[in-house]
Structures are given as structure tokens and as C-alpha cells.
Amino acid sequence: MSNSTGLPRQAAGSRVINHPPAGQVVRARMTGSQRRSQLIDIGRRLFAARGLDATTIDEIAAAAGVSKPVIYEHFGSKEGLYTRVVEFEFRILLDAINESLAAEAKPRVLVEQAALALLGYIEERSDGFRILMRDAPPSQPEGALSTLLSHVADRVEDLLADEFSRRGFSTADGAMYAQMLVGMVAMTGQWWLDHREPDKRAVAAHLVNLAWNGLTGLQKEPELRSEG
């Protein structure tokens with residue numbers, strides 16, 4: 001049956017299927033979880049390059065190909081997105097260091113593994129580490145990196161307590177030495193972030209060489225004990 005134009009008439013109740021023009025790519029709509037992950041990835045890149053204050057919500061929206069309300073819907077604000085990025089990176093690094101300290105090994109080997117965990121994170125997630133060193137989110141006003149290092153220092157203090165006791169040193173000094181050790185590793189990591197030479201295993205070996213032997217007992221060619 002046809003209409004006045006001579007074209008077949010659409011049957012009652014039938015559905016019109018609109019096909020995209022030839023060559024046009026149809027993108028699948030993201031789920032809420034996929035969109036949040038995308039925005040976190042884009043936010044990490046922009047925040048690492050420019051910092052929280054210099055990055056605008058318009059830039060984030062443009063990079064993600066969405067409107068600003070989409071960001072507000074998922075995170076409430078630019079600061080909300082930044083906080084989520086920091087929390088995400090914080091957990092990745094803290095889990096890596098905690099895992100490195102959880103094994104049954106001698107204290108020196110555990111320090112080696114913790115140093116390698118930090119340097120490995122810096123190597124693989126440089127943007128994340130730059131963010132952790134920068135602006136503090138509202139949830140961590142003292143600074144994300146400072147908060148994380150405090151957690152790590154508590155773990156290292158427990159490790160040093162046994163070593164100090166075995167050597168007849170005052171275990172009360174363990175907290176101070178833990179801060180020294182963790183601070184040394186963290187500062188070296190910040191330096192290595194931009195230099196990347198020597199490689200991370202050599203850096204870890206030199207770190208532990210200084211921490212374990214002191215300046216007067218340095219080895220000329222230090223090696224990681226965990227490699228043997």
C-alpha cells in the first residue's frame with residue numbers, strides 16, 4: 001500500500017529504525033562507572049600538569065568530551081574530582097608499600113622492598129606522584145604525601161623496634177629513626193621523579209647502603225640483598 005508520494009506506507013505500530021550515515025562511527029554510551037574512571041584519568045593528567053587551582057572545570061569537560069554538569073553530577077565540584085584522584089593514588093601507593101613490608105624477611109630486605117615499591121610507583125604512575133606532592137585535598141589538609149609517609153613511618157618503626165632491641169639500642173628512638181629513614185627515601189624519590197638515572201634498583205641499593213652502613217661504612221658497589 002502506498003501514500004500520495006508513491007512510497008510504501010508504514011504499517012501501523014511499526015518502528016522506524018534510523019541508521020547512521022555511511023562512515024559515521026556510533027560510540028557506545030558510557031556507564032556511570034566508566035564515566036567516573038574516564039574523568040579520574042583525565043583529571044589526574046591535568047592536575048599533574050597544572051595543579052588544582054590552574055586547572056579549570058571547562059578544561060576537564062572539554063578533554064572528556066562532556067558538559068560541565070556531568071562532572072558536577074559525578075563529583076560535585078572540581079575539588080571533589082581532585083579529592084577522588086588523590087584518594088585513588090594514595091591507596092595504590094600505600095597498598096604497594098604495605099605489601100612490600102608484609103613479607104617475612106630481615107629488616108634490611110624489607111627496607112629495600114619498600115624503597116623499590118615507592119620507586120616503582122613513581123616510575124609507573126608519575127602523574128599520580130606529582131599530585132600527591134602538591135595541593136592537599138580537604139580530606140587531608142596536612143598533605144596527601146605527608147599523611148602517607150606517616151602511615152609508612154609507623155610500620156617502619158615496628159620493624160626497627162626488633163632490630164634496635166636485638167642490638168641493645170633504645171627502642172624509644174625507633175620513631176625518630178623511622179622518620180629519618182622514610183624521609184630519606186621519600187626525598188630521593190622526589191629527586192628521581194625528574195632524573196630517572198640511575199635505574200630504580202641502583203637507587204634503592206644506594207639508599208639502603210646509606211641507611212644501613214652510614215657514611216663511614218659505605219660500600220663502593222652496593223647490591224640489593226633481596227636479589228640474592
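Predicted model: local features only at pLDDT ≥ 70, side-chain atom pairs only at ≥ 80, totals over all residues.
Reader: What makes E89 and R44 a salt bridge?
Author: Their side chains meet at 2.7 Å, N to O. The cut-off is within 4 Å. The pair therefore counts as a salt bridge.

Reader: Which parts does that pair tie together?
Author: E89 lies in helix α4 (residues 78–102) and R44 in helix α1 (residues 32–54), so the pair ties together parts that are 45 residues apart in sequence.

Reader: Why is E89 called buried?
Author: E89 has 0% relative accessibility. Buried means under 20%. E89 therefore counts as buried. R44 is buried too.

Reader: What is R125 called, with a relative accessible area of 25%?
Author: Partly exposed. That class lies between the buried limit, under 20%, and the exposed limit, over 50%. R125 also meets E89 in a salt bridge, at 2.6 Å, N to O. R125 sits in the loop between α5 (107–124) and α6 (126–132).

Reader: How do you know that E123 and K200 form a salt bridge?
Author: The N to O value is 3.0 Å, and the cut-off is within 4 Å. The pair links helix α5 with helix α9 (residues 200–213), 77 residues apart.

Reader: What joins D41, R44, E89 and R125 into one network?
Author: Salt bridges that share partners. The structure holds 9 salt bridges.

Notes. Residues numbered from 1 in each chain as written. Heavy atoms only, no water. Helix = DSSP H or I, 4+ residues; strand = E, 2+ residues; numbered from the N terminus. Buried < 20%, exposed > 50% of the residue type's maximum accessible area, 1.4 Å probe, protein only.
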